[in-house]
Amino acid sequence: MSVTTAPPILTVRNLSASIAGQQVVESVSFEVPATGITAVLGRNGVGKTSTIRAILGLIHRRGEVTLAGERIDGLPTHRIVQRGVGYVPEDREVFAGLTVAENLALAERDKNPRREFVAELFPDLVARRAQAAGTLSGGQQQMVSVARALLNENQILLVDEPTKGLAPKIVGEVADALEEASKIVPILLVEQNLDVVRRLAQGAVVIAGGRVVHTGSAREILDDDSLTTRLLGVSAEVHS
Ligand SMILES: Nc1ncnc2c1ncn2[C@@H]1O[C@H](COP(=O)(O)OP(=O)(O)O)[C@@H](O)[C@H]1O
Ligand SMILES: [Mg+2]
C-alpha cells in the first residue's frame, strides 16, 4: 500500500486584506489539512480575526483561497458559506432575544441538519432550548455558536477564540466539544489559550504583523519557549 497525503482542505496564498482602507493582513499563506485541528496563533492585533474574515469575504481582500481545490476568493460570503465553510465568530454573535432553539433553527441550511449529533454533544442546550440566548452564560452562548456551525455539513470550520473570557472549567468543556467536532470536520482554530492549543491542535500557523512567521507542528512551536515568548508574548510552559 502506498502512503498518500490527502490534499489540504483549505489553501491560502498571498492573502491581503484591508479594513476602511487600512491594510490589516499583509501577505498570508498557509494550508489547512483535511483532518484535525490547525491553530492560528499570534499576539493581539496581529490580524488573526482579519485573516478569518478575509477568507470568508467579510472584509475587502486580495489573494488566492482554495477550498477542496476550488477557488473561493472571488465569491461573496453567502456562496462561500454554501460551499461548506462554517464560522464561529470571535464574539459568538448569538441572537440574544431569541431562544436557544430559535438560534439553532435559524442556522439550519442542510435538508437534514445534524440535530441529533448536536443534541448529544450539547445536552445542556437541549435542557435550555426555550431560554433566551441572551440570558445564557458566556460558555453556554459559545456552545450555541459552535452548535450552529455543526448543524450543517461543512468542509471546514473557522473558529475564532472560542474560549476567550470563559471560566477555566468552561474552557475545558468548550475544548471537549471542539475535540468531538474535529472528528467530523477539520477546524481552523484561533486560540490564545495555549493549554487548549496543546490539547487540541496538531498543526499551527503563527501570525505577526499581518504575515505568517512560522508554521509547523503545534507541539514543536509550544515546546520552543524562546519562539513562544518572542512570537506570542507568553511562556507556553505548562503550569500544574
Ligand atoms: N473594525 C476595524 N476597524 C479598524 N481597524 C480594525 C478593525 N478591526 C480590526 N482592526 C485592526 O486590524 C488589525 C488586526 O486586527 P485583528 O484581525 O482583529 O487582530 P487579532 O484577531 O489578531 O487580535 C489591528 O491593528 C486592529 O486594530
Ligand atoms: Mg481576534
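View 1. Thr38 stands opposite Leu188 in strand E8 and opposite Gly203 in strand E9. Strands (E, at least two residues) and helices (H or I, at least four) are DSSP runs, numbered from the N terminus. This is a predicted model, in which local features need pLDDT of at least 70 and side-chain atom pairs count only at pLDDT 80 or more, whereas totals for chains, interfaces and linings use all residues. Residues are numbered from 1 along each chain as its sequence is written, and chains are lettered from A and ligands numbered from 1 in the order in which they are written.

**View 2. Strand E3 and its partners.** Strand E3 (residues 37-41) pairs with E8 (residues 187-190) in the parallel sense over four bridges; two strands pair if DSSP finds at least two bridges between them. Four bridges also join E3 to E9 (residues 203-208), again in parallel. Five of the five residues of E3 are buried (20 or more other C-beta atoms within 10 Å of a residue's own; exposed means 12 or fewer, and partly exposed lies in between; C-beta atoms are placed from the backbone). In a regular strand the side chains alternate between the two faces of the sheet. Ile37, Ala39 and Leu41 point one way from E3, and Thr38 and Val40 the other way.

**View 3. Contacts of Leu189.** Leaving aside residues up to four places away in sequence, Leu189 touches Ile37, Thr38, Ala39, Val40, Val159, Leu178, Leu200 and Ala201; contact requires C-beta atoms, placed from the backbone, within 7 Å. Leu189 is also among the residues with the most contacts inside the largest nonpolar core, which has 66 residues. Such a core is a set of buried Ala, Val, Leu, Ile, Met, Phe, Trp, Tyr and Cys residues joined through C-beta atoms within 7 Å. Helix H6 (residues 138-150) supplies the largest share of this core, six residues.

**View 4. The buried face of helix H3.** Val100, Asn103 and Leu104 are buried in helix H3 (residues 100-107). Seen down the axis of H3, the buried residues fall within an arc of 95°, so they line one face of the helix; the arc is that of the directions from the helix axis to the C-beta atoms. Their cover includes helix H5 (123-127) and H6.

**View 5. Arg199 in helix H8.** Arg199 lies in helix H8 (residues 194-200). Arg199 counts as partly exposed because it has 15 C-beta neighbours inside 10 Å.

Note on methods:
Two residues are in contact if their C-beta atoms, placed from the backbone, lie within 7 Å.
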